[in-house]
Amino acid sequence: MVDKEASGGPRSQRWRKGRSHVAWGAVLAVMVGFAGGQTASGAPGGGAGGTAVEGWEPGPPGAGSSIRWEPCDTDASAECGALSLPVDWGRPDGERFDLQLARRRATGPGARVGSMVFGPGGPGDSGVSRIVGKGNMSRFSDTLRSRFDIVSFDPRGVGLSNPIRCSQELLDKRPSPVMKSQAEFDATAKYNRDLRADCRKNTEHGLFDHVDTLSMVKDLDAVRAALGEKSLTFHGSSYGTLLGEQYAEQYPKRVRAVVLEAVVDHSLGTRGFLATQAATLQDSFDEFVAWCERTPSCDLHGSNVRAVWADLLDRAERGELSDGGRAVTPFDLSVLVMKQLYDPTWAALADFLHGLAESKPEALKEAGTTGAIPAGAEPALGTNAFEIFCQDWSLPVRGYEGYARELRRVGRIAPDMKYVRALMSVSACLGAPAPQNPQHRLKVRGSRPILLTNSLHDPASGYNWATHVADQLGSSAVLHTYEGWGHGTYTNSPCAQATVDAYLISLKVPARGASCPAVEPTG
């Protein structure tokens, strides 16, 4: 999911403020006491555990060697720090930026395994806000927290790590992802050119052109080294799985354990990308419909759910749905539904659709269609983390006619969810230069086993992606299946959580073909 994040205040203080992030327009997109000021050095003998690490290797040339940890300003039970890194890894002596991190120490230090790095999704999610704030740590089990220092970071270009900054006025003019004419196609291409130029001008240290995931792979290895770890223990979620995949590809011998949860397949071209995204979103909608048909408590039980949904899309197309005077488009409506398929919150989704069908305007407000700039942001500037995607993917279409053909094809694959959010991936990157990190099949040689974990019915990172990536990794990976629903497995299934924890802590790899039973949603 694409998030909108911004930070204000002097650059040297940004990492200490711990501001939370707000969804990009919502439709686009523990503890022991810590000693302040401790340095985790990237040299043997200076690791996070304070003992020499045999076989330790330094990070990439140009990386900072240490992280100075201090209690976070907004939550002293967590530690915050920064690591100085090159903007362009091809020029390690050139311009630099600070990668902002946060961690919580293992709650059972006598049984500590090491540091586990969590790779946030998005692109655009904040790893720092995942750690800072005691409630946010519910993402990790008590068992895992007792054995690892949990570390995460704001990726380059995101949140507190030198965010991509753009004119908010220009961001507010972003055209619809669904282009319906040659004129709209041309206008979108021009808008994208103008936005790239604006963001490049407003982003500090020349970082705008260096926010691809392959650059983040070197950032991640620098973090590993600065933590004093011989090898990496990593849990990537959603878009964060691409970081884990490519780390294993670049540094297979430095992998201790890598979990890929809700897997991204970075081998697909335009047609394959759109087709797999459409199929998995349609599948999740089908599962919701089936639940409503068998569940008397569903607000739409006994109704033709697909007909109700089709009527709502028609009303949105005619401009009859609005929130605070702003028209809600069919694409907006589809993204709101997709968000509620993430957890999933089927009862809430049924209530939402029923409220709209009954022409209750408060239904849209309760669903959160209105975006906002976080408190403390500079009012003239916003963020555009979607540029990360455009530097990782090439999804060209052959002019407007080629785009229209893909749109019709998506409609055949996903008749209920034809306004799949993946269309934004094509429109937002239309006319972009060749990506820094183009798609390719993974080639991992010599790595320890990698654990893939995926829901059978994931609306965003489809099971089709997980099986494709497992095929690419071959003997280097095992795919563990959660037979239920939602975007991710770790917090949706106690069984899947236990499987992941056993792998991360004890390197216990599940048997090939192993799975966990579905847990029917209650919300």
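A disulfide here is a pair of cysteine sulfur atoms within 2.5 Å. The views below come from a predicted model, in which local features need pLDDT of at least 70, side-chain atom pairs count only at pLDDT 80 or more, and totals for chains, interfaces and linings use all residues. Residues are numbered from 1 along each chain as its sequence is written, and side-chain values use heavy atoms, with hydrogens and water left out.

**View A. The disulfide between Cys390 and Cys429.** The two sulfur atoms lie 2.0 Å apart. The torsion about this S-S bond is about -85 degrees, so the disulfide is left-handed. Cys390 belongs to helix H12 (residues 386-390), while Cys429 sits in the loop between helix H14 (422-428) and strand S15 (450-457), 39 residues apart. Helices (H or I, at least four residues) and strands (E, at least two) are DSSP runs, numbered from the N terminus. Both cysteines are buried, that is, under 20% relative accessible area with a 1.4 Å probe, protein chains only (exposed is over 50%, partly exposed in between).

**View B. The disulfide between Cys166 and Cys199.** Here the sulfur atoms are 2.0 Å apart. With a torsion of about 110 degrees about the S-S bond, the disulfide is right-handed. Cys166 is in strand S9 (residues 165-167) and Cys199 in helix H4 (residues 182-202). Both Cys166 and Cys199 are buried.

**View C. The disulfide between Cys292 and Cys298.** The S to S distance is 1.7 Å. Its torsion is about -40 degrees, so this disulfide is left-handed. Cys292 is also one of the H7 residues that meet H8, where its partners include Trp309, Val305 and Arg306 as a group (contact means heavy atoms within 4.5 Å).
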